[in-house]
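Here is a short briefing on one protein chain. Keep the sequence and the 3D view open as you read.

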Amino acid sequence: MLITASTPTAPPVTRMPRLLPLVAWLSFIAETLIIGTGGAVRLTGSGLGCPTWPTCTPESLVATPEMGIHGVIEFGNRTLTGLVGILALIVVILVWRMRRARRDLFVMALIVLGGVVAQAIVGGITVLTGLNPFIVGFHYVVSLVLVCVCAAFLVRMKEPAAPRLRVVPTWYAGLAHATTAVLAVTIAFGVLTTGAGPHSGDAAAGRNGFNAEILEHVHAWPGYTLLALTLVLVGVAWAKRLRPRTWISVLLLAEAVQIAVGLYQARNGLPEIAVGVHMVLAALTAATMTVVILRLKAPVPAEDVATSH
């Protein structure tokens, strides 16, 4: 009987394909870029630049000259979705032979691919509902989650397939997870604030009905709480030389920049560029938080695993 890598009795394939790191990074970058282009669609009023889905118009798959710059921007965002999907599919193909040895990577690759497909469908629903602000917000949140999954894939890709143990004090891990929850609340209120603001994606699109000025202040409260908690995490991490100290410092920097951009946009009438930067930075901040959480644990050396048995 010929034994192949797909035969259940064959040893699991553990060798990392050479192209995997490059394609995984490209996938992460593309997932981040599509948040930027999605923001451009909304901020330039191009949300209905392609008024139908999946075609751009009832008669044309692509944008037509008559549709102007709004059609170009909206169709460009749809095109990038195709690129994101292709990259996600390539990652799945590259980890396929490793799926037994690196189930973690395989599952995350499938999540990203499935998420891209789901995002395309949600994007269509967004257009068909006339840019409903709640669906637009959900569309953004899913994109942000996919950026975080791609970041987790990059972290785990560099680590061996081994059991992982917590390498920080229990209370520190708990505080880190609580900080993650505060970040999630901050982002949620940010999405609601944007849905109440002037950047609806189209002049005819409705808003979510909340008071944008009040939400701006409510959005800031968990943001400042997040900064305070991160300062504690940074101080303890460096004092005790904990494993996540470098990335928790990066997180603190990202939060500080994000707060500065938020204050600038709030005091200057929500300029489009600042709002777009704020959206992308939120995704990168969440991705950095993902890395911090993963760094709370470390792979157990092979010799330690052997000794424990």
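Start with T32: apart from neighbours within four places in sequence, T32 is in contact with V147, V280 and L284. Contact here means heavy atoms within 4.5 Å. This is a predicted model: local features need pLDDT of at least 70, side-chain atom pairs count only at pLDDT 80 or more, and totals for chains, interfaces and linings use all residues. Residues are numbered from 1 along each chain as its sequence is written, and side-chain values use heavy atoms, with hydrogens and water left out.

**T32 and its helix**

- T32 sits in helix α1, which covers residues 20-43. Helices (H or I, at least four residues) and strands (E, at least two) are DSSP runs, numbered from the N terminus.
- T32 counts as buried because its relative accessibility is 11%. The cut-offs are these: buried is under 20% relative accessible area, exposed is over 50%, and partly exposed is in between (1.4 Å probe, protein chains only).
- The T32 side chain reaches the backbone oxygen of F28 at 3.0 Å.

**A nonpolar surface patch**

- L33 also lies in helix α1. L33 is partly exposed, because its relative accessible area is 49%.
- L33 belongs to a nonpolar surface patch with L19, L22, W25, L26 and I29. Together these residues have about 590 Å² of accessible area.
- Patches are made of residues with over 30% relative accessible area and no salt bridge; like charges are joined within 9 Å, and nonpolar side chains (Val, Leu, Ile, Met, Phe, Trp, Tyr) within 5 Å.
- Accessible areas come from the Shrake-Rupley method with a 1.4 Å probe; for residues, only the protein chains shown count as cover.

**Cysteines**

- How many disulfides are there? The count is 0, where a disulfide is a pair of cysteine sulfur atoms within 2.5 Å.
- C148 is in no disulfide, and its nearest cysteine sulfur, that of C150, is 9.4 Å away.
- C148 is buried at 13% relative accessibility. C150 is buried too, with a relative accessible area of 5%.

**Salt bridges**

- Side chains of opposite charge can pair when their charged atoms come close.
- The structure holds 6 salt bridges. A salt bridge is a side-chain nitrogen of Lys or Arg within 4 Å of a carboxyl oxygen of Asp or Glu.
- R156 and D104 form one of them, at 3.1 Å from N to O. R156 lies in helix α4 (residues 133-157) and D104 in helix α3 (residues 103-128), so the pair ties together parts that are 52 residues apart in sequence.
- Is R156 buried or exposed? R156 is buried, with a relative accessible area of 18%. D104 is partly exposed at 22%.
- R156 also meets E159 in a salt bridge (3.7 Å, N to O). E159 counts as buried, at 9% relative accessibility.
- E159 and R243 meet in a salt bridge at 3.3 Å, N to O. This pair links distant parts of the chain, 84 residues apart: E159 is in the loop between α4 and β1 (164-166), and R243 is in the loop between α6 (212-239) and α7 (245-267).
- R243 is partly exposed, with a relative accessible area of 23%.
- Salt bridges that share partners join R102, D104, R156, E159, R164 and R243 into one network.

Terms used
A polar contact is a pair of N or O atoms within 3.5 Å; within protein, one must be able to donate a hydrogen and the other to accept it, and residues adjacent in sequence count only if both atoms are side-chain atoms.
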